[in-house]
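Have a look at the model first, then read on.

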Amino acid sequence: MKTFVTLLMLIGVMNGKLFRIPLHKMDSDRGQMTNKRLLNQTPTARANMTPGRSRRASSFAVNMSDYLDAQYYGSLSLGTPPQTFSVLFDTGCTDLWIASSSFSPESGWIRRHHAYNSSKSSSYVANGTKWSIVYANCYAEGFVSQDVVTIGDVTLKAQFFGEATAVSGFPLLTSRFDGILGLAYPNVAQVSNVPVFDNLVKQGLIQDPVFSVYLGRNSSDRPAGEIVFGGADPLRYTGDFHYVNVSHQGLWQINVESVTLGSSVISVNYQAVVDTGCSAVGVPTPLIDGFMEKLDAIEVTYGEYIVPCSDIDVLPDITFTLNGMAYVLTGRDYVNKT
């Protein structure tokens with residue numbers, strides 16, 4: 001199995017001090033898959049989401065909070081009467097799961113989160129099928145249940161979801177959210193073959209089978225992010241959409257034609273995942289040493305590099321080319337100052 005190195009975040013301070021570049025490895029099964037609906041919006045959706053126009057009546061938005069530009073989460077509710085939870089909207093998986101009241105009360109994690117209690121919902125339907133999901137470097141497991149799910153101002157009937165009874169791994173153990181709402185393809189689902197987004201379409205709660213995600217960069221912004229089901233928010237973009245075909249259905253997998261650092265080509269024609277649940281930009285391990293060398297970064301511990309903050313404005317641009325369109329990141333774009 002191939003190994004990838006993930007650039008999780010770049011943390012910087014000014015006044016001549018150093019910023020750190022923590023790097024972590026991730027499983028290539030997670031790093032080589034992606035999906036359709038995020039990038040391939042329909043012509044109808046594109047025509048009706050021009051700047052200056054309001055959202056269509058058949059679309060709705062959920063605002064997100066931001067923790068350290070690494071976790072973007074919003075609210076939904078389960079059951080009757082509704083029980084409210086924070087969830088990560090994640091294009092890197094498919095299923096919806098929420099912390100369960102069956103979670104061990106001795107867990108420090110569950111004491112910091114809200115848990116779904118089926119005994120308090122009159123619309124709950126038992127199922128009990130076991131499930132488990134392995135993410136890049138974390139894990140969740142539990143059993144399947146069924147209940148109504150309310151997102152924004154719409155309510156899904158008879159939605160299967162996972163009640164989580166155990167989680168492990170640093171990303172989940174440090175999470176600010178109570179569960180995950182997956183937005184990938186049904187064919188990689190572990191809990192339900194009709195996940196939330198597909199059920200929104202099936203039950204006629206959105207007209208156009210598209211969704212769009214806006215992630216801000218400053219956690220003090222309100223809202224810090226937004227997901228729109230059924231369209232796109234014209235206040236969140238300018239210009240026209242650029243379309244990229246999905247190369248493999250499962251997650252949001254696309255072909256990256258090239259990655260350049262300054263004038264040096266780092267990689268060509270590799271498969272990548274568009275993943276809203278991950279704050280990383282990942283590149284194959286063999287390339288990371290050359291990448292950091294060109295940044296004049298110094299490895300201080302395994303997978304952790306430093307460079308002077310005074311170099312931020314002279315760091316080379318990183319350019320990703322997707323379906324003929326170049327997306328350029330400057331040093332200030334890919335460095336977070338703290």
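A salt bridge here means a side-chain nitrogen of Lys or Arg within 4 Å of a carboxyl oxygen of Asp or Glu. By that rule, the structure holds two. Keep in mind that this is a predicted model, where local features need pLDDT of at least 70, side-chain atom pairs count only at pLDDT 80 or more, and totals for chains, interfaces and linings use all residues. Residues are numbered from 1 along each chain as its sequence is written, and side-chain values use heavy atoms, with hydrogens and water left out.

| Salt bridge | Closest N and O atoms |
|---|---|
| Arginine 236 – glutamate 226 | 3.5 Å |
| Arginine 332 – aspartate 313 | 2.5 Å |

Take the pair of arginine 236 and glutamate 226. Arginine 236 sits in the loop between β13 (225-229) and β14 (253-261), and glutamate 226 is in strand β13, ten residues apart. Strands (E, at least two residues) and helices (H or I, at least four) are DSSP runs, numbered from the N terminus. Glutamate 226 is buried at 4% relative accessible area, while arginine 236 is partly exposed at 29%. The cut-offs: buried is under 20%, exposed over 50%, partly exposed in between (1.4 Å probe, protein chains only).

Now for arginine 332 and aspartate 313. Aspartate 313 is exposed at 55%; arginine 332 is partly exposed at 39%.

On to the sheet: it's open, with four strands in the order β15-β14-β19-β20 and antiparallel pairing. Pairing takes at least two DSSP bridges between two strands.
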